[in-house]
Amino acid sequence: MLSLDQVSVTFNAGTPNEVRALRDISLLVEDGEFVTVIGSNGAGKSTLFNVISGAAEPDSGHIQLDEEDITYWPEHRRSHDIGRVFQDPRLGTCPGLTIRENLSLAAIHGRNAGFRRDVKMAEESWFFEQLERQHLGLENRLDADVALLSGGQRQAITLVMATLTKPKLLLLDEHTAALDPNAAEQVIALTQELAEANDLCVVMITHSMQQACDLGDRVIMMNRGRIEFEIAGEERKNLQPADLIDRFHSLADGTELTDAQLLG
Amino acid sequence: MRGILLAVVVAGFMSLGNVNIGAIGQGLGYALAGVTVFMTFRVLGFVDLTVDGAFPIGGAACAILIVNGHSPEFAVLMGFVAGALTGLATALIDIIFKIEGLLASIIVITAAYTVTLHVMEGKSNIPLLGEETLISRHSKAFRTWLVEQFGDQMRRQSTNLLEIILFGFIVLIVLGILYWFLRTEIGLAIRATGKNPQMVRATGLNHNMMIVIGLMVANGLAGVAGSLVVQQFGFADVSLGFGLIVRGLAAVIIGEVLLRPRTVGQLLIAAVTGMLVFDISRAWIFSALDLPTTDIQFVSALVVLAALGAPRLYDRWKAYRQRLGG
């Protein structure tokens, strides 16, 4: 369970360039819940993720994961419990290392790196199964340099790595936005499969109204550092992209949608 | 391009002949400093000039211990420790004060000069004449054996040959350990730190710790190189590390251009090969042009310029030819 209590983040505080990226955000995500987050550029979606994962520090407020207050934990410490996948497929995996070595790194999660050789045989067969399930043909290329793989393949490996050690929370930051439609579909299917199999808390930022309606149990709309509205329950089940776009337009300040958001 | 370069190197070797096989031994002595630069620039992605300070500190520590009657093996080991501590200083300045590697290492080099002088008990030069070193310990027995086997004409080359064998052996062992290390979990994390620090943090590893370990190991190797070279030269000197970073960079680039390494093992071998090729081609230029030793730094700079510049010129020439439709 993830809970944010009145979290605020301000950049360049006290200067003419002051930006209030998050304003008193409160949010509760239950175990096994899948939440999608939409909002225009600069709404604070990525800052929200940064503050949860520890890449940014809040000015005020508290963040709890299960019963622990993680507000001031350093990034690497919370990453034991938080898996994160970025939009750019190059960010989640490491070029110059093979698939096997990348997975080995992810498997270190939660303990200190030691002088063990990269992978034990038991782990290797487990990696193999994980990759085989994706039907990407990667299971026989464990020793291929990750730099040689396509964006979709790298994103799929990143997802497996992010869920490898069963984190409590999975943060997906427009993780299919840079992929072609086919690859995006595959990665989404894998996302759902992994989330259900591990009973994860998932928060997914998306620019696509379609994805926001198709995936998850709840939609959150962010605007100017605030949560503007939430759609859950019965209303969420019957939600169509057109409804979301209407809600967008009804915002008082006339925030504009990009073409990608309308079409996606 | 690669063919031409290989041809030049082979020609260099051939014309070198018996003139100066000492260049090979010297290249092997400096080889681990090339590995230092490979580790910092290529593996950690950290612009680190500390090698210029770690090398003389390692050499000084080694020399002072030998002079005080310790075994040369122990002295080399302490050379590693001294170099590693120099690397630690750079890492801590980078992490604590958030000063980038380039500046942090310049600060450390400046301070290292004084530290080296203090290690050498205030003297700027410590001769090892008559002391037991890795080389002097075996040189007599080796010379007798060599003359017995191959006749009296080998007498003059005996020290050079011994250096090549001893240092070649040490460099191989160190490369073996490093190859193992870079494939352990810590090694993987260090390699990932250079390519994708965000991912290292996302994996729950403290990427600052990886910079600390990486810089300590890398500069420890520079300390070992300093220890070997001190025993080879027969003295430690405070100015021994001058310009070493440029040499190390040249070694890494020459190795990459010549061997096109891909895997970790190949990359390590390329760094060592680069240093050998650098020293051999420099010795070759010296003997071919009959230059005085005062010109050594200038020739070094020229060799580095050639190693850095040639691939770029070649690329531009290729692009020019393509524009002409050739």
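The model I looked at is a predicted one.

**Entry 1: the chain contact.** I looked up which residues of chain B touch chain A. I found 19 residues of chain B in contact with 25 residues of chain A. On the chain B side, α8 (185–195) and α9 (197–202) each supply at least two residues. The most comes from α8(B), which gives 7 residues. I sorted this side of chain B by residue type and got 7 nonpolar, 7 polar and 5 charged.

**Entry 2: a helix pair in chain B.** I then turned to α2 (residues 22–43) and α10 (residues 207–233) of chain B. How far apart are their axes, and at what angle do the helices pack? The axes are 8 Å apart and the angle is about 165°. An angle over 145 degrees counts as roughly antiparallel, and α2(B) and α10(B) are therefore roughly antiparallel to each other. Their crossing is left-handed. From α2(B), the contact residues include Gly25(B), Gly29(B), Ala33(B) and Thr36(B). From α10(B), they include Gly214(B), Ala218(B), Leu221(B) and Ala225(B). I noted 15 nonpolar and 8 polar residues in this contact, and no charged ones.

**Entry 3: a helix in chain A.** Is helix α4 (residues 99–108) of chain A largely enclosed or left open? I found 10 of its 10 residues buried, so α4(A) is largely enclosed by the rest of the structure. Among the buried residues are Ile99(A), Leu103(A) and Ile108(A). Arg100(A) and Glu101(A) are also on the buried list.

Note on methods:
Residues numbered from 1 in each chain as written. Chains lettered and ligands numbered in written order. Predicted model: local features only at pLDDT ≥ 70, side-chain atom pairs only at ≥ 80, totals over all residues. Contact = placed C-beta atoms within 7 Å. Helix = DSSP H or I, 4+ residues; strand = E, 2+ residues; numbered from the N terminus. Nonpolar A, V, L, I, M, F, W, Y, C, P; charged D, E, K, R; others polar. Axes fitted to C-alpha atoms, helices over the stretch in contact; angles between N-to-C directions. Parallel < 35°, antiparallel > 145°, perpendicular 65-115°, else oblique. Left-handed = near helix turned anticlockwise from the far one by under 90°. Buried ≥ 20, exposed ≤ 12 C-beta atoms within 10 Å, placed from the backbone.
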